[in-house]
Amino acid sequence: MAIRAPYRSLRGIPAVAALLAIGAVGCSDVSDAVDSAKDGAKKAARQRSVFSLDLGDCYNPNGKAEGTAYAVEIVPCDEAHEGQVVGEFAVDEGEKYPGDDGISAIADERCPVEAQKYAPDTWALPQGVSLFYYTPTKESWATGDRAVSCTYTAEKGATFKGSLDTAKSLKPEQLTYLKGSNAVYEALWANQPEKDTVEDDLAGYKAQAKAVAAALDAHVEGLGGIKGTEVGKLRATLTKAAGNWKKAANAADADAFYTAYDPAFTDTDPNKSVAARKELGLATTVPADEAEVWAG
């Protein structure tokens, strides 16, 4: 899953909210103005410092979905909203501020892990949501702020309803499957070399292949404890894929790497897991960004 540009926050600085005054206008305009004022008052009453965000909070950001934020509008999760906090942790980096890039690197690594604890099945997420995070700034760090809030937020002003907290409702076999599957794709994307071609970074691509093979081995082992015809078929496919990823990891040159990589990548196609997911009662629509990768 791609990590979008992060939210930045000055935590602990309160928002200043103002109610609109109603002037002397016509009857219909008065009605519209009253409704607008009511909406404004409701929004003002719901304003909370970004520093006070808690796991599970559903909210609407104030302003753009990027940049420095001071406050958000907390709303009931059964109302339409733009985001929900799905993970949180404290940065432990000593007294010196790690810098914007340093904080972002930490959030890039930790937020996907924390989010998957809360909403393990990324295929079941509302369409158009992406992982964002609120992080300390240099100024808020100086006041003792170390908190990072990981959120799923709808892009381009879209909204969704309901809580994304699904971990508690999943069965053990579903959680086992998701843990293994998520680890495989995390290994694939987290270890993506910077160079575009294998010839330019054979060692980097081999390291990625080794990480994916190890994740696949663990996933295959987990699937061994789950009953089901389609799960069994997927296990056989992923066992073969793991073997080819290992061959790629041990390739002597770029040509040998490509020979192993092609079938390895093909057998890791998320579309091959749809039938097993259906058998397990999980979401079966491949996320658009993943579908695009394998379609290309």
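Me: What share of the contacts in the chain with a separation of 6 or more comes from residues 24 or more positions apart?
Reply: The share is 72%. Please note that the model is predicted.

Me: And which secondary structure elements does the chain have, and how many?
Reply: The chain contains nine helices and eight strands.

Me: How much of the chain is buried?
Reply: Of the 296 residues, 42% are buried.

Me: What about the accessible surface of the chain?
Reply: The accessible surface is about 15500 Å². Carbon and sulfur atoms contribute 52% of that surface.

Me: Moving to charges, which residues form the negative surface patch?
Reply: The patch consists of Asp196, Glu199, Asp200, Asp253 and Asp255.

Me: Where does Asp200 sit?
Reply: Asp200 is in the loop that lies between helix H4 (172-190) and helix H5 (202-223).

Me: Is Asp200 buried or exposed?
Reply: Asp200 is exposed, because its relative accessible area is 55% and the class begins at over 50%.

Me: Now Asp267. Which helix holds that residue?
Reply: Asp267 belongs to helix H7, which covers residues 254-267.

Me: Why does Asp267 count as buried?
Reply: Asp267 has a relative accessible area of 9%, and buried means under 20%.

Me: What does Asp267 touch, leaving out residues up to four places away in sequence?
Reply: With those left out, Asp267 touches Thr237, Leu238, Lys240, Ala241 and Lys272.

Me: Let me follow up on Thr237. Where is Thr237 placed?
Reply: Thr237 is in helix H6, residues 229-249. With a relative accessible area of 22%, Thr237 is partly exposed.

Me: Which residues is Thr237 in contact with, apart from neighbours within four places in sequence?
Reply: Apart from those neighbours, Thr237 is in contact with Asp267 and Lys272.

Me: How far apart in space are Thr237 and Val220?
Reply: Their C-alpha atoms are 9.5 Å apart, while the two residues are 17 residues apart in sequence.

Me: A change of topic: where is Ala115 found, and is Ala115 buried or exposed?
Reply: Ala115 is found in helix H2, residues 100-118. Ala115 counts as buried, because its relative accessibility is 0%.

Me: What does Ala115 touch, not counting residues up to four places away in sequence?
Reply: On that basis, Ala115 touches Val86, Leu131 and Tyr152.

Me: And what separates the C-alpha atoms of Ala115 and Thr151?
Reply: The C-alpha separation is 7.6 Å, and Ala115 and Thr151 are 36 residues apart along the chain.

Technical notes: Residues numbered from 1 in each chain as written. Predicted model: local features only at pLDDT ≥ 70, side-chain atom pairs only at ≥ 80, totals over all residues. Heavy atoms only, no water. Patch = residues over 30% accessible without salt bridge, like charges linked within 9 Å, V, L, I, M, F, W, Y side chains within 5 Å. Areas by Shrake-Rupley, 256 points an atom, 1.4 Å probe, with all protein chains shown as cover. Salt bridge = Lys/Arg side-chain N within 4 Å of Asp/Glu carboxyl O. Lys, Arg positive; Asp, Glu negative; His and termini not counted. Charge placed at Lys NZ, Arg CZ, Asp CG, Glu CD. Helix = DSSP H or I, 4+ residues; strand = E, 2+ residues; numbered from the N terminus. Buried < 20%, exposed > 50% of the residue type's maximum accessible area, 1.4 Å probe, protein only. Contact = heavy atoms within 4.5 Å.
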